[in-house]
Amino acid sequence: MATPGPVIPEVPFEPSKPPVIEGLSPTVYGNPESFKEKFLRKTRENPVVPIGCLATVAALTYGLYSFYRGDSQRSQLMMRTRIAAQGFTVTALLLGLAVTAMKSRP
């Protein structure tokens, strides 16, 4: 039985370049987006998520204000509302991801 020789890679690895993976073509963006541009694009793609985030923050803020004033019943209601708003936001996010995944399929 012959012993195999050393395995020499065909192309040496260069840390300054991305690795070459068979079947994957890396895309290089010529003009990177700013934070504002990306935020506006994502908001246009799925406008329900920012609405859910604002509802969560509003319920949390009002609930903390009610707690500070000593209105425990209103504070509890607002904390439950915050949980519902968070659930709405997560559901909207997952549905948006599913829709985006379906659009990208050929």
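**Starting from one residue**

Mentor: Happy to. Phenylalanine 39 has 46% relative accessibility, so it counts as partly exposed; that class lies between buried, under 20% relative accessible area, and exposed, over 50%, with a 1.4 Å probe and protein chains only. This is a predicted model, where local features need pLDDT of at least 70, side-chain atom pairs count only at pLDDT 80 or more, and totals for chains, interfaces and linings use all residues. Residues are numbered from 1 along each chain as its sequence is written, and side-chain values use heavy atoms, with hydrogens and water left out.

Trainee: Which element is phenylalanine 39 in?

Mentor: Phenylalanine 39 sits in helix 1. Helices here are DSSP runs of H or I with at least four residues, strands are E runs of at least two, and both are numbered from the N terminus. Between the C-alpha atoms of phenylalanine 39 and proline 50, 11 residues apart along the chain, there are 10.0 Å.

Trainee: How many helices and strands does the protein have?

Mentor: There are 3 helices and 0 strands, running α-α-α from the N terminus.

Trainee: And what about pLDDT, what's the average?

Mentor: The average is 84, and 80% of the residues score at least 70; pLDDT is the predictor's confidence in each residue, from 0 to 100.

Trainee: Switching topic: is threonine 89 buried or exposed?

Mentor: Threonine 89 counts as buried because its relative accessibility is 11%. Threonine 89 belongs to helix 3.

Trainee: What does threonine 89 touch?

Mentor: Leaving out residues up to four places away in sequence, threonine 89 touches Val49, Gly52, Cys53 and Thr56, where contact means heavy atoms within 4.5 Å.

Trainee: How much of the protein counts as buried?

Mentor: Of its 106 residues, 14%.

Trainee: Last one: how much space is in the largest pocket?

Mentor: About 420 Å³. A pocket is an open set of points on a 1 Å grid over the protein atoms alone, where a 1.4 Å probe fits, with protein on both sides within 12 Å along at least five of seven lines; lining residues have an atom within 4 Å of a point. Of the 14 lining residues, Lys42, Glu45, Asn46, Gly96 and Thr100 are the closest to its centre.

Trainee: Which helix gives the largest share of that lining?

Mentor: Helix 3, with 7 residues, while helix 1, helix 2 and helix 3 (72–104) each supply at least two.

How values were computed:
Points joined across faces, edges and corners; volume = space filled by probe spheres on them.
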